[in-house]
Amino acid sequence: AAVKAQASQEAAAEALRQAVSVAPLDVDVHSARQALAAALSAGVPSGQLEGGESAIEAAVKAQASQEAAAEALRQAVSVAPLDVDVHSARQALAAALSAGVPSGQLEGGESAIEAAVKAQA
């Protein structure tokens, strides 16, 4: 029974490591939290859980920052080209870029800024 419990702990710890072994923006937070809960219930020592917990926290923060930056960019360019505050929109684009917003989402913002610059020239 002890061998089986240890194997279960090792499997749960490995599942948690795998769940958080990618970049914070790529972590499936729901799956990682399930892996953490499974590791806890399997009796994985808390020292082995801390890395997983902090990786999940980092993922949640990074993903929230990315979503907020993408939304700020959408808001900055959601008005008519003549009404776009080009400076603020460019700042929102830079923030979205640094937050890791996917390039497909950035392209719409870039083209909207270009259109605003042309319209306001």
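Predicted model: local features only at pLDDT ≥ 70, side-chain atom pairs only at ≥ 80, totals over all residues.
**The overall picture**

- The protein chain holds five helices and zero strands, so its elements, read from the N terminus, run α-α-α-α-α.
- Its radius of gyration is 21 Å, while the globule rule gives 14 Å for 121 residues, so the chain is more spread out than a compact globule.
- Along the principal axes, the C-alpha atoms fill a box of roughly 75 × 20 × 15 Å.
- Of the 121 residues, 30% count as buried.
- Take the contacts in the chain with a separation of 6 or more: 66% of them are between residues 24 or more positions apart.

**Helix H1 and its buried side**

- Helix H1 takes in residues 2-19, and its 18 residues should span 26 Å at 1.5 Å a residue; the end C-alpha atoms are 26 Å apart, which agrees.
- The buried residues of H1 are Ala-12, Ala-13, Leu-16 and Ala-19.
- Seen down the axis of H1, these buried residues fall within an arc of 125 degrees, so they line one face of the helix.
- Helix H2 (29-41) and H3 are what the buried residues of H1 pack against.

**A closer look at Ala-13**

- Ala-13, a residue of helix H1, has a relative accessible area of 8%; because buried means under 20%, Ala-13 counts as buried.
- Not counting residues up to four places away in sequence, Ala-13 touches Val-44 and Gln-48.
- Ala-13 and Val-29 are 16 residues apart in sequence, and their C-alpha atoms are 16 Å apart in space.

**Helix H5 and its two sides**

- Helix H5 is made of 18 residues (103-120), and from its first C-alpha to its last it reaches 25 Å, close to the 26 Å expected at 1.5 Å a residue.
- Leu-106, Gly-109, Ala-112, Ile-113 and Ala-116 are the buried residues of H5.
- They cover an arc of only 125 degrees around the axis, which puts them on the same side of H5.
- Ser-103, Gly-104 and Lys-118 are exposed on the other side of H5.
- H3 and helix H4 (86-98) are included in what covers the buried residues of H5.

**The nonpolar cores**

- The largest nonpolar core has 17 residues, and those touching the most other members are Leu-73, Ala-89, Ala-96, Val-101, Leu-106 and Ile-113.
- H3, H4 and H5 are the elements that give two or more residues to this core.
- H4 provides the largest share of this core, with five residues.
- Leaving aside neighbours within four places in sequence, Leu-106 is in contact with Leu-73, Leu-93, Ala-96, Leu-97 and Val-101.
- Apart from this core lies another, of 15 residues, and among them are Ala-12, Ala-19, Ala-32 and Ile-56.

**Back to Gln-63 and its surroundings**

- Is Gln-63 buried or exposed? With a relative accessible area of 16%, Gln-63 is buried, because the cut-off for buried is under 20%.
- Leaving out residues up to four places away in sequence, Gln-63 touches Pro-24, Leu-25, Asp-26, Val-27 and Val-29.
- Among these partners, Leu-25 has its place in the loop between H1 and H2.
- Leu-25 counts as partly exposed, at 32% relative accessibility.
- Besides Gln-63, the contacts of Leu-25 include Ala-62, Gln-66, Ala-99 and Gly-100, leaving aside its neighbours within four places in sequence.
- Leu-25 and Ser-65 are 40 residues apart in sequence, and 9.7 Å apart in space from C-alpha to C-alpha.

Note on methods. Residues numbered from 1 in each chain as written. Heavy atoms only, no water. Buried < 20%, exposed > 50% of the residue type's maximum accessible area, 1.4 Å probe, protein only. Contact = heavy atoms within 4.5 Å. Helix = DSSP H or I, 4+ residues; strand = E, 2+ residues; numbered from the N terminus. Expected span 1.5 Å × (residues − 1). Arc of directions from axis to C-beta. Core = buried A, V, L, I, M, F, W, Y, C linked by side-chain atoms within 4.5 Å. Rg over C-alpha atoms; globule rule 2.2 N^0.38 Å.
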